[in-house]
Every structure is written in C-alpha cells, then in structure tokens.
Amino acid sequence: MRRTDREVTDPVKIREIITGCSCCRLGLCDGGRAYVVPLDFGFTEKDGRYTFYFHSAAEGRKISLIRKAGWAAFEMDAGHELVKGERACAYTARYQCVMGGGPVTLAETPEEKRTGLTAIMAHLTGREQWDFDGDVLEKTQVFRLEAEELTCKVHE
C-alpha cells in the first residue's frame, strides 16, 4: 500500500468497516480480462481471518470462472463523501475500503450452504436465526472466499 498513513490495521476497525459495507465486488479473470460483479455478502471472522460468503444461481459466467480459476479478488467500500476545494486539484474524497483476494470455492453440502446463507442474512439484517427450505438450498449456489490477502484503507 503506497499511502501507509491511510492503512488500517486495527482488527476492530477493520471489522467495523466490513460490517458497514453493503456490497462486495468480486473480481475474476476471464481469458485475460477482468470480470467484476457486485454481490450481497456475509462473512465470518476467526483469529483475524475472514471468510466471505456469496450466493447466486447454480450456473453462469461467475460460477464457470470460479470453477476454472479457484481464486478471486474482492473490494468493498463505504463512507463516500466529496470534499470540495478551491481548485480542481484540491478536491478529494473521504472513504473506507477493504480489498484482498483468496481461494474461492463452491459450497457442496446443504450444511455448507446453510452456513453461508446464514452469514449473508446476518450481515444484511442483523438477525442470525434463519430456516432455509431444502428446495432453496438445492437451487442456490453458495460460494466462499477465504481471504488470504486483506488490506484496509481509510481517508478521513
């Protein structure tokens, strides 16, 4: 990270920023070209290591690329605010962002899917107790990204 003065390393602050983000952009490689898709997400954290969960249809471009590459980058951000200046170059923006990457895998069992969907719903709603119909679990593809790389940056 070039601007280490904006780097966040405090685990509590990193979790707070992730919790405040409503969208995670997943970056995949498609034949040498970037493919970025915005997704709802959920997460778990254990000993400072994050696992991010996503869901989608069972087939499609995103799922094909996950099966092919097994790795993805991610980016999420919040707190955007334009800071005006007297000159064009004096304008700036306030923001918070978290970026990284890691192996991404498809959930195979109903229990893995239930874990991921529960994390997503907890993040979106704050509620952690959910029941998922077997038909929904069968039709829905859940996948997870184990963040091996994670950086956090804030410009206040």
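This is a predicted model: local features need pLDDT of at least 70, side-chain atom pairs count only at pLDDT 80 or more; totals for chains, interfaces and linings use all residues.

You will find glutamate 59 in the loop between strand 4 and helix 2 (61-69). Threonine 140 is 81 residues away from glutamate 59 along the chain, yet their C-alpha atoms are separated by 9.6 Å.

Now step into helix 2, where isoleucine 63 is found. Is isoleucine 63 buried or exposed? Its relative accessible area is 1%, so isoleucine 63 is buried, the limit being under 20%. Beyond its neighbours within four places in sequence, isoleucine 63 is in contact with Ser56, Ala57, Ala58, Leu106, Gln141 and Phe143. Lysine 46, by contrast, lies 17 residues from isoleucine 63 in sequence and 26 Å from it in space, C-alpha to C-alpha.

## Helix 1 and its two sides

Let's turn to helix 1. Ile14, Ile17 and Ile18 are the buried residues to look for in helix 1, which covers residues 11-20. Why do they sit on the same side of helix 1? Around the axis they cover an arc of only 100 degrees, which puts them together on that side. An α-helix has 3.6 residues a turn, so residues three or four places apart point the same way. On the other side of helix 1, Val12 and Gly20 are exposed.

What do the buried residues of helix 1 pack against? Their partners are strand 3 (42-46), strand 4 (49-57), strand 5 (71-83), strand 6 (92-106), helix 3 (110-125) and strand 8 (149-155).

## Helix 3

Helix 3 has 16 residues and spans 22 Å from its first C-alpha to its last, close to the 22 Å expected at 1.5 Å a residue. Its buried residues are Lys113, Gly116, Leu117, Ala119, Ile120 and His123. Viewed down the axis, these residues fall within an arc of 155 degrees, so they line one face of helix 3.

The cover over the buried residues of helix 3 includes helix 1, strand 3, strand 4, helix 4 (134-139) and strand 7 (140-146).

## The largest pocket

The largest pocket has a volume of about 240 Å³. Its lining is made up of Arg15, Thr19, Phe43, Thr44, Thr118, Ala119, Ala122, His123, Gly126 and Glu128. Helix 1, strand 3 and helix 3 are the elements that give two or more residues to this lining. Which element gives the most? That is helix 3, with 4 residues.

Sorted by class, the lining of the largest pocket has 3 nonpolar, 5 polar and 2 charged residues.

About 160 Å³ of space lies in the second largest pocket. Around it are Glu7, Val8, Thr9, Pro11, Ile14, Glu45, Gly48, Tyr50, Leu150, Thr151 and Cys152. Helix 1 and strand 8 are the elements that give two or more residues to this lining, and strand 8 gives the most, with 3 residues.

By class, the second largest pocket is lined by 6 nonpolar, 3 polar and 2 charged residues. Ile14 is one of the lining residues here, and Ile14 is also among the buried residues of helix 1.

Key. Residues are numbered from 1 along each chain as its sequence is written. Side-chain values use heavy atoms; hydrogens and water are left out. Buried means under 20% relative accessible area, exposed over 50%, partly exposed in between (1.4 Å probe, protein chains only). The arc is that of the directions from the helix axis to the C-beta atoms. Contact means heavy atoms within 4.5 Å. On a 1 Å grid over the protein atoms alone, a cavity is a set of points where a 1.4 Å probe fits but cannot get out, and a pocket is an open set with protein on both sides within 12 Å along at least five of seven lines; lining residues have an atom within 4 Å of a point. Grid points are joined across faces, edges and corners, and a volume is the space filled by probe spheres set on the points. Ala, Val, Leu, Ile, Met, Phe, Trp, Tyr, Cys and Pro count as nonpolar, Asp, Glu, Lys and Arg as charged, and the others, Gly among them, as polar. The expected span of a helix is 1.5 Å times one less than its number of residues.
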